Amino acid sequence: MSVKDIAQEFTRLCKEGKFEEAGQRFWSDRIVSLEPMDGPMARSEGLAVKAKGDWWYQNHEVHSAVTDGPYVHGNQFAVKFTMDLTPKTGERAGQRLHMEEIGLYTVQDDRIVEERFFFGG
């Protein structure tokens, strides 16, 4: 598959709310996930990326999600995610929030080997 094909299929699954399926289908076994924060979830690798996603969905109620893109350049593509959610834990627990982030994905050998997220200001 071309990077464009992977980007389009990955994004299609996300638009359908099938985020976990998108990851399972396209993540490399050695994927690296980078979040713009400090702490244990700032960098995840391999199976820990799935565990991070599982934790996120267990600790947030998602009211709506919109996925825009993909935007392809070379061996990378970007996707914009906009979510209306309520954290279940932490200092903002119970507060409904609007979140925007960009995911930048790097593809190698038909697999996503890195995902890097950028949060809106």
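**Stop 1: a serine in a strand**

Select S33, which sits in strand 1, residues 27–34, of this predicted model. Is S33 buried or exposed? Its relative accessibility is 0%, and buried means under 20%, so S33 is buried.

The side chains of S33 and E115 are joined by a polar contact of 2.7 Å.

**Stop 2: the largest nonpolar core**

Next, select F10, F77, F81, Y105 and I112. Within the largest nonpolar core, which has 21 residues, these five touch the most other members. Colour by secondary structure to see the contributors: helix 1 (3–15), helix 2 (19–26), strand 4 (76–87), strand 5 (97–108) and strand 6 (111–119) each supply at least two residues of the core. Which element gives the largest share? Helix 1 does, with six residues.

Keep I112 and hide the rest. With residues up to four places away in sequence left out, the contacts of I112 are F10, F26, W27, S28, I31, F77, Y105, T106 and V107.

**Stop 3: a lysine in helix 1**

Move to K4, which is found in helix 1. K4 has a relative accessible area of 49%; exposed means over 50%, so K4 counts as partly exposed.

Finally, draw a C-alpha to C-alpha distance from K4 to R43. The two are 26 Å apart in space and 39 residues apart in sequence.

Technical notes
Residues numbered from 1 in each chain as written. Predicted model: local features only at pLDDT ≥ 70, side-chain atom pairs only at ≥ 80, totals over all residues. Heavy atoms only, no water. Helix = DSSP H or I, 4+ residues; strand = E, 2+ residues; numbered from the N terminus. Buried < 20%, exposed > 50% of the residue type's maximum accessible area, 1.4 Å probe, protein only. Polar contact = N/O pair within 3.5 Å; in protein donor to acceptor, adjacent residues only side chain to side chain. Core = buried A, V, L, I, M, F, W, Y, C linked by side-chain atoms within 4.5 Å. Contact = heavy atoms within 4.5 Å.
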